[in-house]
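Me: Hey, can you walk me through this one? I'm new to reading structures.

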Amino acid sequence: MNEVGRSRPAGTLLTSVDITPDELQLAVRNHSMPLEALRYDITPVGLHYLLIHFDIPMVDASTYELSVGGHVRNRLQLSLDALMARPSATLAVTLECAGNGRARLQPRPMSQPWLSEAVGTAEWTGTPLAPILKDADVRDGARDVVFTGLDRGVQGGVDQHYERSLSIADAMRDEVLLAYAINGRPLPPQHGFPLRLIVPGWYGMTHVKWLRSITVIDRPFAGYQQARAYHRRTSDGDSGVPVARILPRALMVPPGVPDFMSRTRFLEPATHLIEGRAWSGRAPIVSVDFSSDGGVSWATAKLQDPVSTFGWRGWTLPWDATRAGEYELCARAIDAAGNAQPLDQSWNLEGVENNAVQRVRVVVGAAIDQQTPADLL
Ligand SMILES: Nc1nc2c(c(=O)[nH]1)N[C@H]1C(S)=C(S)[C@@H](COP(=O)(O)O)O[C@H]1N2
Ligand SMILES: [Mo]
């Protein structure tokens, strides 16, 4: 391991505001979705967020095969052509990384330093998983289904392929897909070419990319990414709660124009239409509230129809910003199960599930100099 890798293991808690070289290295490999891309119902592929723990494997589609085995009566080997010849389904699904919001925590858990934008909604095409498990004829006593990626690396001192599991009941749900296309095109390498798992409603870590094998087991899966990582724990001794379905979140497209470095927004005094998206993997979004005073008072936004059962829904609200001054804009989503976004950080050791409300600093007034474009260069 290099000098950088030795300095601060993942999970170290950082109190400095400054980003470390290790975090910067992760941040340049894995990008989030620029907030202005919230304008699209379906996120263009290059704007969708990305998270890759190890390296992107290079896969030859002509020799690729998915193995289905373990606690089944009928093992299967499926080529990409065989998978694509099966019945297909296309679903718009909002995907969000469980670590979204991590870099806003104080102290900050050392890992991928997401702000609030590790999200995207894509149209995934693939073949439903349940009929494949039926063809494999799962034996009595089966408990978990393990999904193994082709990618390999070391995390927490453990040499591993990226692997996650689902209970048999969750794996058999109708909406779970083995996807080979995104937005009508073959998966690009970074999103899991040639095949990935899609589990609508669940945080990103569940959607295993570069799928190599599916293994049915008769005991709980104890792999690193399942049993050790992705738990909400507040102390080392705490066994924690596994991360599963996405908590509600609303994000707005920051209005006006940004300052290059601070991203502070500048707006002309006027009524501005604020627009954004909201989603939850637990229950449908029922309301989105907007505040222009840092969360002291709230107004109710108008909701659009969701893009699909598992996709985000748009919201809009006209904001009367005729008075010059500085404002802190916030948005807060609530779902039908009563889950609401907290105003304050929800801190834990791994920095998962921090769905605290978004805060956008805005200056209304004459702060924008009347410069010609040439002056700006
Ligand atoms: N094989 C494999 N699958 C993976 C990962 C990975 O590193 N390897 N990262 C997971 C995580 S943590 C997330 S958030 C999503 C990101 O999916 P995307 O890059 O297509 O947006 O992929 C998941 N699937
Ligand atoms: Mo993630």
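Me: Let's start with Arg-196. What is 2.7 Å from an N or O atom in its side chain?
Reply: That's an oxygen atom of ligand 1. Keep in mind that this is a predicted model.

Me: Okay, and how much of ligand 1 does the protein cover?
Reply: The protein covers 100% of the 540 Å² of accessible area that ligand 1 has on its own.

Me: How many residues surround ligand 1?
Reply: There are 19 of them, and the closest include His-53, Asp-151 and Lys-209. Arg-196, from your opening question, is also among the closest.

Me: What kinds of residues make up that shell?
Reply: The shell splits into 11 nonpolar, five polar and three charged residues.

Me: Which residues have a polar backbone atom by the ligand?
Reply: Tyr-49 has one 2.8 Å from an oxygen atom of ligand 1. His-207 has one too, 3.1 Å from a nitrogen atom of ligand 1.

Me: Switching topic: what domains does the assignment give?
Reply: It gives domain 1 (3–229) and domain 2 (249–367).

Me: How many residues are in contact between them?
Reply: 35 residues of domain 1 are in contact with 25 residues of domain 2. Going by C-alpha atoms, the centres of the two domains are 28 Å apart.

Methods. Residues are numbered from 1 along each chain as its sequence is written. Chains are lettered from A and ligands numbered from 1 in the order in which they are written. This is a predicted model: local features need pLDDT of at least 70, side-chain atom pairs count only at pLDDT 80 or more; totals for chains, interfaces and linings use all residues. Side-chain values use heavy atoms; hydrogens and water are left out. A residue is near a molecule or strand if one of its heavy atoms lies within 4 Å of it. A polar contact is a pair of N or O atoms within 3.5 Å; within protein, one must be able to donate a hydrogen and the other to accept it, and residues adjacent in sequence count only if both atoms are side-chain atoms. Accessible areas come from the Shrake-Rupley method with a 1.4 Å probe; for residues, only the protein chains shown count as cover. Ala, Val, Leu, Ile, Met, Phe, Trp, Tyr, Cys and Pro count as nonpolar, Asp, Glu, Lys and Arg as charged, and the others, Gly among them, as polar. Domain bounds come from an automatic or database domain assignment. Contact means heavy atoms within 4.5 Å.
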